[in-house]
Each structure stands twice: as C-alpha cells, then as structure tokens.
Amino acid sequence: MQEHGGDIYSNEGLVDFSANINPLGPGEKVMKALKKSLENVTAYPDPKCRALREAVAKRETTVPEHIICGNGAADLIYTMVLAEKPKRALLCTPSFSEYEKALRTVDCRIRFHERKEEEGFALTRRYLDELTEDLDMVFLCSPDNPTGRCVEESLLLEIVETCEKKQIRLVLDECFLDFTEDGPWIHHELLIRENRMLFLLRAFTKMFSIPGVRSGYGVCSDTGLLERMQKSRQPWAVSVPAQAAGTAALADDLLPAVTRQLIAEERRHIMGEFTRMGIRYYPASANYILFYSEIDFYEEMKQEGFLIRDCRNYRGLGKGYYRIAVKGREDNDKLLRAFGRIIERRKEETSWQSQS
C-alpha cells in the first residue's frame, strides 16, 4: 500500500480523491510564472531564494532573515530534523507520517500522544501534560492530516508558551490552514518574534495545486537554526520554477478566497450526504474528510473508477478508516453516487444472505 495519496501512476484512469489538492488548479498567475520560468532553466536557481523570501516576508509581516524556503514542506521537515538532531520527540497519533520517518533518520526516541476516536481525534488539554523538559522537539499539524481537525486556538497558544518556556522546538505544520474558513484571520507568524522555539511550516503545494513543482517555506526567528538548516542540505534546494511559482502564488489573493468558499460549501454538502447515507465521518475544517466504514471502500471505489486514501497505515488508525478530498460539485456528486451504489449493493447482499 502506498504511504501517501496521489499515486496516479499505479492507478491510471481513476479520478483521484486521495490527494488533497485545490480542485480549481494553480490559477493564472502561477501558471504564467511557471511558463515564464522555463526561459531561465539554463541557470542555477538562486540558492538564497531571495525574491521568494522577500515575497514571503511581506506576506507574513516579518523579515526575510526569518524565512527559509524548501522543496516542499517535506524537504523542510527532514532538513529541520537533520539540523537539530533531536534525541527525544513527541508526536500525535494519528498524524502525518513524515514526521516520524524524518525523526527515525537520526535515531530519535519518539513518544506518542494518542488522540482519541471518541473525542473526534481532537487535541485536548491532556497534551500539555506530555510537554516535559526532556523533549527536544514536537510536531503539530493544524489542520491535522488525516483528521482535518484544527488545534483550538487558546490551547495552541498555551502549547507555544509552554514549548518556549521549556525550550522545546515546536514545528507547527499549517500547510492546510488556507483551506479553513478562519484561515485569513489567523496570523501565527506574529508569535514568531516572541517565541524563538516556534517554527511555522507552510507550502504552496495544496492551495495552488502544484505538488509536482514542490515549493514551501518555514518561518522562525531563531536565525541560528535557519543557518544550520541551510548547511544541512545541498545548495540548490528550490528549483527555478518552484521559486517563480511560490512568488506568484503570494501575489494571488483571489484564488485562496474563492477556494475557501468553494471548499466550505462542498465540505458541508459531502458531510450532509454522509449523514444521510449513514457513513460515520469526523467533522473537518480542511479540504478533506476522514471517515470509517466496515465496507472495503478503497477497493470498491477503485471498481467505481475512484481513488481514495486508505488510512490503515496511519499510526493510531487501522482497517476501515478512509480519507477523501473535497473537490467541485460535479466531481463530488459523482463520488457520492458511487458511495450510494456501493452501499445499496451491500444492503442487497446482506438481505440475500439473511434470506438464505
């Protein structure tokens, strides 16, 4: 089974609902910048990503010295771990698997905080008790992947304060924040100046639908850390097209605004239909929905022409958990009709077996 969604190469011809990508595509500004950047591919990329860092700093109301750019968020996760070489770390379950994989590369001892299914996989104040002084690093994802749950704001601020006090590096992954309805009003980068242990992780991959380009960035006021990260990797980490795409994305305010409205409407539509069909799902704030069923929806959906995410390889989940992306109404309704057909077949099979 694939570690992540988006494996269209092994599943040709299927409609991909396994990867959480903006259904509206990259947008005109990003596409124009990508095409223009091809004129410069005969030159090495700027190793300092100066234009992109300037654009990020302007958007995040900080200074370029507090910005580091990477070949997507995953690149920065591994670079961070290699630079810090933490001995002990805390991870939540379930959550993005690359945190654990990166930490394993430096033989870090990992403690896991279980988020409970009966609490909707929400992070609760129990987490604060886990932030002990022996920790070097913690990863948090908000909205979380695969649950789509955001960390409640007052709790998050307590976590930031606690990590700063105990000198625990807090990596806050907000790669899906732009899809939430509250996203435009949340500015955690303003915490950076007062909290050197906080590292914000963001990417253009999801909102601007460019996973094949790979472009992301981190925000942190610990310039010593950023210097160590730069020394821990090859010099040309971000390609010419990736830098151009990221810079153009930061100049596009319309696409994120339109996308947030679309995703909010479609997310409610899908959850409403799931309720009607009796599918157990977990209310989400991002552009994907986690659900549970005893039906093998992964294989059944492939037969219907759709690829969804089987979440059994997430630590803390297991067989029966699946995730779907939120797309436009036409695609979503096609997917929902496929769910309906599968459920009806299952009912007919159950009825036939009971009569036998």
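View 1. With a relative accessibility of 1%, methionine 80 counts as buried (under 20% relative accessible area; over 50% is exposed and in between is partly exposed, with a 1.4 Å probe and protein chains only). This is a predicted model, where local features need pLDDT of at least 70 and side-chain atom pairs count only at pLDDT 80 or more, while totals for chains, interfaces and linings use all residues. Residues are numbered from 1 along each chain as its sequence is written, and side-chain values use heavy atoms, with hydrogens and water left out. Methionine 80 sits in helix H3, residues 73–84 (helices are DSSP runs of H or I, at least four residues, numbered from the N terminus). Skipping neighbours within four places in sequence, methionine 80 is in contact with Met137, Arg169, Val171, Phe199, Leu225 and Met229 (heavy atoms within 4.5 Å).

**View 2. Phenylalanine 339 and the nonpolar cores.** The largest nonpolar core has 74 residues, and Ile159, Phe274, Ile308 and Phe339 touch the most other members (a core is a set of buried Ala, Val, Leu, Ile, Met, Phe, Trp, Tyr and Cys residues joined through side-chain atoms within 4.5 Å). A second, separate core of 28 residues includes Ala83, Leu91, Ile110 and Ala203. Beyond four places in sequence, phenylalanine 339 is in contact with Phe274, Met277, Ile279, Phe291, Phe297, Met301 and Ile324.

**View 3. Helix H9 and what follows.** Phe297, Tyr298 and Met301 are buried in H9, residues 297–304. Down the H9 axis, the buried residues fall within an arc of 100°, so they line one face of the helix (the arc is taken from the directions from helix axis to C-beta atoms). Just after H9 comes glycine 305, with a positive phi of about 100°.

Note on methods: Helices (H or I, at least four residues) and strands (E, at least two) are DSSP runs, numbered from the N terminus.
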